[in-house]
Amino acid sequence: MAGRFHVNQRVSYSTSLCTIRYIGPVEGTAGEWLGVEWDEPLRGKHSGEHAGKKYFDCAVTNAGSFIRPNRAPDPPLTFVQALRKKYIDDGVVDVSAQRPIEWGGKVVQEIGFDKIRQKLRKLKELKIVLVDGFQIANADPVELITETCPEIEDLNLSRNLFQSLQSVEAICRGLPKLRSLRISGNRFSSLDVKAEVERKDGSLGTGFDNITSLELEETLLSWEELAKILPLFPSLQVLDLSLNRLSSIPREFGDTPITKILAPKLTELKLERNTLSNISSILPVSLLPNLRKLLLARNQISSIHGPDDDPEMPTVFENIRYLDLSFNSISTFKFIDAINSHFPNVEGLRITHNPLYEVPGMGSDEAHMLTVGRLSWKVRLLNFTTITIQERTNAELYYLGRIAKEMAEVAEGEEEEIIARQHPRWNELCKAHGKPIVNRNPEADRQSLGKSLINIEFVHNDQSVVRKIPKNLTVSALKGIVGILFAMRPLKVTLEILLDDANGRLLEDELKRLEVYAEEHKEVKMLVKEAYSASL
């Protein structure tokens, strides 16, 4: 009974797809078993083990189970059989066997032959064909495919029973007008494809040569495997690699750069629902000269650079015009600022459903205005909505107002540090709208003043006085204070500062500020002496 099965065979039970990973006995039980890995992990019970013994591996954890080989699988179909089953709706029918009934040389009844013939004509005219989930395991002769459906331009072969990519190529070879191919959810064990189609230049290609759009979602192919497949599609413009557990994109494979693996004509790349955590992990795609649309929704992206990356490493995607970062883990507006420099030519952005917009107390309108205000004027489309001139103006003025409030919370002179660190669009916005008025917070001034004071113990003869003195005071002004403290004429005062009990240093330059001599110290001792002029 198990002889009709083989390892890596694709089978289906009650339309649920799986791959046979093991054939043989299971310790502690009688008879043979099939160890299968289900495409839908929820159908699984384990990862290929029983009673502590491992029998096979699963690509997805807990997607495996054992079934008896006497359980009948769904009957597999060829491509043309599936096509007729769906679009002729007459079961799997050998249409060529349909004949009119004759009696005495005369046609008595055609038994629906005209109806079938009409459907066959429609089959020949089909341009979009969806036969996903039809238990297709094999191709038909190329000539039969071409004769049956020569006009197909868009074909969905997802979630079927193909074991070899060669079977898919054979189907495509019979469809000369095919441009869009969807083979998501298939589990290929063989990726070898023979180049047997002669091109105009005399070289040999495949049935994939003219495909411009390819969907490869949930195939669980690694980048090493993808590197083998993708060069077979030289005309590719749109590529979907979602749901493949990809955490990064290598720059090269051996001696082959990424630009030789992904078609140079590629304009759109979809990497949704993978495990990407930062933008630099996909930096190699920035080398693709024609890539304009990058879709990264539903990953785990939280930063531009990874934990082991050099923050100064250039991470610029100059060619991208549309970027989707929705449903990720972006939590700060600094990421929004970074978009301007790392995606300098983006015109459309989607960034909804990130922790950034779930801050308590921040309404959706405020979050939207802060996003628009921080984004470059080149961004004209945000979350599927066009940014009007008036909306951008209002948002930028609101953002400037927010910056002014932040500036008011710190001491005068400290604003530049805040602007440089948190608001890279400051100069650009001030040039467009003028600098905002900063209504400074008196409490901030007091806090700042406290930071700028130094504790000085003035010692003159047997007297000692402690005072808090501003560091920005000049030596000349400081002598004036000392003159009052010790009833001395300021012009006769000489000051010597002691730092950490080190040798003293005379404050000779009247115009220098105290901070020059005190350096970073918060407490110092200063010797006060009175200079006497020599007289005759």
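**Cores, cysteines and a buried loop residue**

The structure holds zero disulfides, a disulfide being a pair of cysteine sulfur atoms within 2.5 Å. The model is a predicted one, in which local features need pLDDT of at least 70 and side-chain atom pairs count only at pLDDT 80 or more, while totals for chains, interfaces and linings use all residues. Residues are numbered from 1 along each chain as its sequence is written, and side-chain values use heavy atoms, with hydrogens and water left out.

Of its 536 residues, 45% are buried, where buried means under 20% relative accessible area, exposed over 50%, and partly exposed in between (1.4 Å probe, protein chains only). About 28400 Å² of accessible surface was computed for the chain, 50% of it belonging to carbon and sulfur atoms; the areas come from the Shrake-Rupley method with a 1.4 Å probe, and for residues only the protein chains shown count as cover. Taking contacts (heavy atoms within 4.5 Å) between residues at least 6 apart in sequence, 69% join residues at least 24 apart.

The interior comes next. A nonpolar core is a set of buried Ala, Val, Leu, Ile, Met, Phe, Trp, Tyr and Cys residues joined through side-chain atoms within 4.5 Å. The largest such core has 97 residues, and Phe-79, Leu-155, Leu-157, Leu-181 and Leu-325 touch the most other members. Several helices each supply at least two residues of this core, among them helix 1 (79–87), helix 4 (165–173), helix 7 (333–342) and helix 9 (389–408). A second, separate core of 22 residues includes Phe-458, Val-475, Val-482 and Met-526. Leaving aside neighbours within four places in sequence, Phe-79 is in contact with residues including Val-131, Ile-136, Ile-152, Leu-155, Leu-157 and Ile-171.

Asn-160 lies in the loop between strand 12 (154–156) and helix 4. Asn-160 counts as buried because its relative accessible area is 0%. Beyond its neighbours within four places in sequence, Asn-160 is in contact with Arg-10, Leu-17, Asn-186 and others, including Val-131 and Ile-136.

Cys-58 is found in the loop between strand 5 (53–54) and strand 6 (64–67), and its 18% relative accessibility is why it counts as buried. The C-alpha atoms of Cys-58 and Val-36, 22 residues apart along the chain, are separated by 8.7 Å. Cys-430 is likewise buried, at 11% relative accessibility.

Key: Helix = DSSP H or I, 4+ residues; strand = E, 2+ residues; numbered from the N terminus.
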